[in-house]
Structures are given as structure tokens and as C-alpha cells.
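Here is a friendly briefing to read with the model open beside you.

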Amino acid sequence: MKCLGLFIVSLILFPAFAFAAEGGAGMVESGMIAVGAGLAVGVAVLGAGLGQGKAVAAALEAIGRNPSAAGSLTTPLIIGLVFMEALGILSFVVAYLLQGKL
């Protein structure tokens, strides 16, 4: 709901961006690409960080309850962390590709 409100406020504050003609908005387009790239990296890294924190906390809690299960939890935990980190790195790649369009 908060995102919808932010979208509506941005349309009200910046109506020229929303309804701009194709030819005359070169500077605006490059600025919006830069903002989009920054937001993509920020949101992706935030999500990856929260996911990694939750996964490690759950694994440590499980190991604390049953220390003999540490060996069986380590490999799936590391694989999960690698996948989460790969999503964060993928956001950097997408942002880099977007910056190439400037």
C-alpha cells in the first residue's frame, strides 16, 4: 500500500516525466536509468542481506538445539547463502548493464 502511495505522489510531483514525449527527454531518461539502477541494487542487496541473516540465525538456532546436526546443516546453509549472494551480485550486473545505456 505504501508503494502505491509513493507511485501516486511521484506522478503528481513529476508529471512531465510520466507523460514526456519520446524525443525531448534524453537527460531525463538517463537520470531515471541511474535512479533505477541504484534502487535495483539497493533493494536486491537489502533482500539478500535479510535472507542471509535469517538463514544463518535459523541454522545457528538448530545447531544450538542439536549440536550433533551441525555437519548435516553446514552444506545446505552454505549452498543457500551462495544462492542469496548470487542474487545480490546479479543486481550489480543488471545495474552495470543499465549504466551502459547512459
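**Starting point: L97 and the overall model**

L97 lies in helix α4, where helices are DSSP runs of H or I with at least four residues, strands are runs of E with at least two, and both are numbered from the N terminus. L97 is exposed, since its relative accessible area is 55%; exposed means over 50%, buried under 20%, and partly exposed in between, with a 1.4 Å probe and protein chains only. Please keep in mind that this is a predicted model, in which local features need pLDDT of at least 70, side-chain atom pairs count only at pLDDT 80 or more, and totals for chains, interfaces and linings use all residues. Residues are numbered from 1 along each chain as its sequence is written, and side-chain values use heavy atoms, with hydrogens and water left out.

**Confidence**

- The mean pLDDT of the protein is 78, and 71% of its residues reach 70 or more; pLDDT is the predictor's confidence in each residue, from 0 to 100.
- Among the elements, helix α4 (residues 70-99) has the highest mean pLDDT, at 87, while helix α2 (residues 15-18) has the lowest, at 53.
- Where pLDDT is low, the predicted coordinates should not be read in detail.

**Overall fold**

- The protein has 4 helices and 0 strands, which gives the pattern α-α-α-α when read along the sequence.
- Of the 102 residues, 10% count as buried.
- Taking contacts with a separation of 6 or more, 69% are between residues 24 or more positions apart; contact means heavy atoms within 4.5 Å.
- The protein exposes about 7,700 Å², and carbon and sulfur atoms supply 77% of that area, by the Shrake-Rupley method with a 1.4 Å probe.

**Helix α4**

- The end C-alpha atoms of α4 are 43 Å apart, which agrees with the 44 Å that its 30 residues should span at 1.5 Å a residue; the expected span is 1.5 Å times one less than the number of residues.
- The buried residues of α4 are G88, S91 and A95.
- S91 has 9% relative accessibility and so counts as buried; leaving out residues up to four places away in sequence, S91 touches A40, V41, A44 and V45.
- L81 is also in helix α4, and is partly exposed because its relative accessible area is 22%.
- L81 touches Q52 and V56, again not counting residues up to four places away in sequence.
- The C-alpha atoms of L81 and A48, 33 residues apart along the chain, are separated by 8.8 Å.

**A nonpolar surface patch**

- L87, I89, L90, V93, V94, Y96 and L97 make a nonpolar surface patch of about 730 Å².
- Patches are made of residues with over 30% relative accessible area and no salt bridge, with like charges joined within 9 Å and nonpolar side chains (Val, Leu, Ile, Met, Phe, Trp, Tyr) within 5 Å.

- E61 forms a salt bridge with R65, and the closest N and O atoms are 3.2 Å apart.
- E61 and R65 are separated by about one helical turn because they are 4 residues apart in helix α3 (residues 26-65).
- E61 is partly exposed at 46% relative accessibility, whereas R65 is exposed at 67%.
- A62 lies in helix α3 and is partly exposed, with a relative accessible area of 31%.
- The C-alpha atoms of A62 and L73 are separated by 8.4 Å, and these residues are 11 apart along the chain.

Terms used:
Salt bridge = Lys/Arg side-chain N within 4 Å of Asp/Glu carboxyl O.
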